[in-house]
Amino acid sequence: MDSSLPVTTKSERRSKSKNIQNTSKSSLLMGFLSCLAWVYVAGRLWQDAENRIILANLLKKNSGQRPEVLTMEDKLMVLGCKDLERRIVETEMELTLAKSQGYLKNQLQQSGSSSGKKLLAVIGVYTGFGGRLRRNTIRGSWMSKADILSNLEKRGIVVRFVIGRSPNRGDSLDRNIDEENRATEDFLILDNHEEAQEELSKKAKFFFGTAVQMWDADFYVKVDDNVDINFDGLVELLQNRRDQDGAYIGCMKSGDVVVEEGKPWYEPDWWKFGDQKSYFRHAAGPVIVLSKNLAQYVNINSASLKAYAHDDISVGSWMMGLQATYIDDTSLCCTYSGQDKVCTLV
């Protein structure tokens, strides 16, 4: 009977005692670490609560002094920019007004009429680097028929061949034009315009802008070099419109927009012309006439004016947003066969 009872040796009792002691130490350590964590969390919560109370008191104290949300106006005022912004706007408005009223006296005195009186018209004949033969033809035909340049000026007309600069500034193309101009003195050279086929639509901005700065005239006329002009008819036409501000004169037309790339007269911005793909009313390219205030508008706003693929479309788009008076004169249609026609395509 004694042999059936469990017998525990001394070594087993020591092992159990050690296990109990290790478990107690682990429990005490975990409990201590838990207490530290609780104290840390409680401290942070207390600190956050205290900060919230301080912030709430500050907001309550200042709620009557500052808006809940600062506007852009408030920020500009705080930064001291508001007054500067106002002065810049006022200066820009004064400059625009001065330009629109023709305060370009230095340039007018340098390049204006030698008689000092206001001109009837400045006529710019578009030309290119390869157009010397055509220029000589014009000099020997309709320009000479109306007498030499000095006599034209007495009649209130200034005529210049209009050309830009070579893409390779200072090359033989530029030098040839400068040499020809020294001999004939009948060029208006647009130093800021690059004379290239793909830049042709931008040429109108530079011509009208430069011409209105250099000469004080009632009208500024763009003419292609493949056009013969009847000067007497043109002078009569312009004199009849001399007192009309905002005159946009030409052979008015509209037409379909060419949307297929590679075709003649292709318009890259065709999608801007609506579902019907039709151009707005505009003066045809061979002869375009702008009164002085319209030419001044082009000069002042040239940096922001959009140029389309063709110069006549570009000028027409600029006129659409203005109080311009559209004058459709069939005598400026160069294919017109009437007795009173002013221009003829050659």
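Visitor: In which strand is V223 found?
Guide: The model shown here is a predicted one. Within it, the residue V223 is found in strand β4.

Visitor: Is V223 buried or exposed?
Guide: A residue counts as buried when its relative accessible area is under 20%. The relative accessible area of V223 is 0%, so V223 is buried.

Visitor: Which residues does V223 touch, apart from those up to four places away in sequence?
Guide: One part of the chain that V223 approaches is marked by G285, 62 residues away along the chain, with 7.9 Å between the C-alpha atoms. With residues up to four places away not counted, V223 touches I123, G124, V125, Y126, I229 and P286.

Visitor: Where does D224 lie?
Guide: Strand β4 covers 217-223 and strand β5 covers 227-229. D224 lies in the loop between β4 and β5.

Visitor: What separates the C-alpha atoms of D224 and G124?
Guide: D224 touches V125, Y126, G285 and P286, residues up to four places away in sequence not being counted. Along the chain, D224 and G124 are 100 residues apart.

Visitor: How far apart in space are L188 and V162, C-alpha to C-alpha?
Guide: L188 has its place in strand β3, and its relative accessible area of 4% makes it buried. Its contacts beyond four places in sequence are R160, F161, V162, I163, F207, T210, M214 and W215. L188 and V162 are 26 residues apart in sequence, and the C-alpha to C-alpha distance is 4.9 Å.

Visitor: Is E185 buried or exposed?
Guide: E185 is found in the loop between α8 and β3. Its phi is near 55°, a positive value in a residue other than glycine. The cut-off for an exposed residue is over 50% relative accessible area. With 59% relative accessibility, E185 therefore counts as exposed.

Visitor: How do α5 and α8 run relative to one another?
Guide: Helix α5, residues 132-140, packs against helix α8, residues 172-184, at an angle of about 10°, and the axes are 13 Å apart. Angles under 35 degrees count as roughly parallel. The angle therefore makes α5 and α8 roughly parallel.

Visitor: How many residues of the contact of α5 with α8 are charged?
Guide: On the α5 side, R132, R135 and R139 take part, and they meet I177, E180 and T184 in α8. By class, the residues of this contact divide into one nonpolar, one polar and, as charged residues, four.

Visitor: What is the handedness of the crossing of α9 and α11?
Guide: The axes of α9, residues 203-214, and α11, residues 292-300, come within 8 Å and cross at roughly 115°. The crossing of these two helices is left-handed.

Visitor: How do the residues of the contact of α9 with α11 divide?
Guide: K205, F208, G209, V212 and Q213 in α9 meet K292, A295, Q296, V298 and N299 in α11. The residues of this contact divide into four nonpolar, four polar and two charged.

Visitor: How many residues of α12 are buried?
Guide: Helix α12 spans residues 311-320 and is mostly covered. Its buried residues are D311, D312, I313, S314, V315, G316, S317, W318 and M319. Of the 10 residues in α12, the buried ones number nine.

Visitor: Among contacts with a separation of 6 or more, what share comes from residues 24 or more positions apart?
Guide: The protein exposes about 21800 Å², of which carbon and sulfur atoms supply 53%. As for contacts with a separation of 6 or more, the share from residues 24 or more positions apart is 76%.

Key. Residues are numbered from 1 along each chain as its sequence is written. This is a predicted model: local features need pLDDT of at least 70, side-chain atom pairs count only at pLDDT 80 or more; totals for chains, interfaces and linings use all residues. Side-chain values use heavy atoms; hydrogens and water are left out. Axes are lines fitted to C-alpha atoms, for helices over the stretch in contact, and angles run from 0 to 180 degrees between N-to-C directions. Helices (H or I, at least four residues) and strands (E, at least two) are DSSP runs, numbered from the N terminus. A crossing is left-handed if the near helix is turned anticlockwise from the far one by less than a right angle, and right-handed if clockwise. Contact means heavy atoms within 4.5 Å. Ala, Val, Leu, Ile, Met, Phe, Trp, Tyr, Cys and Pro count as nonpolar, Asp, Glu, Lys and Arg as charged, and the others, Gly among them, as polar. Angles under 35 degrees count as roughly parallel, over 145 as roughly antiparallel, 65 to 115 as roughly perpendicular and the rest as oblique. Accessible areas come from the Shrake-Rupley method with a 1.4 Å probe; for residues, only the protein chains shown count as cover. Buried means under 20% relative accessible area, exposed over 50%, partly exposed in between (1.4 Å probe, protein chains only).
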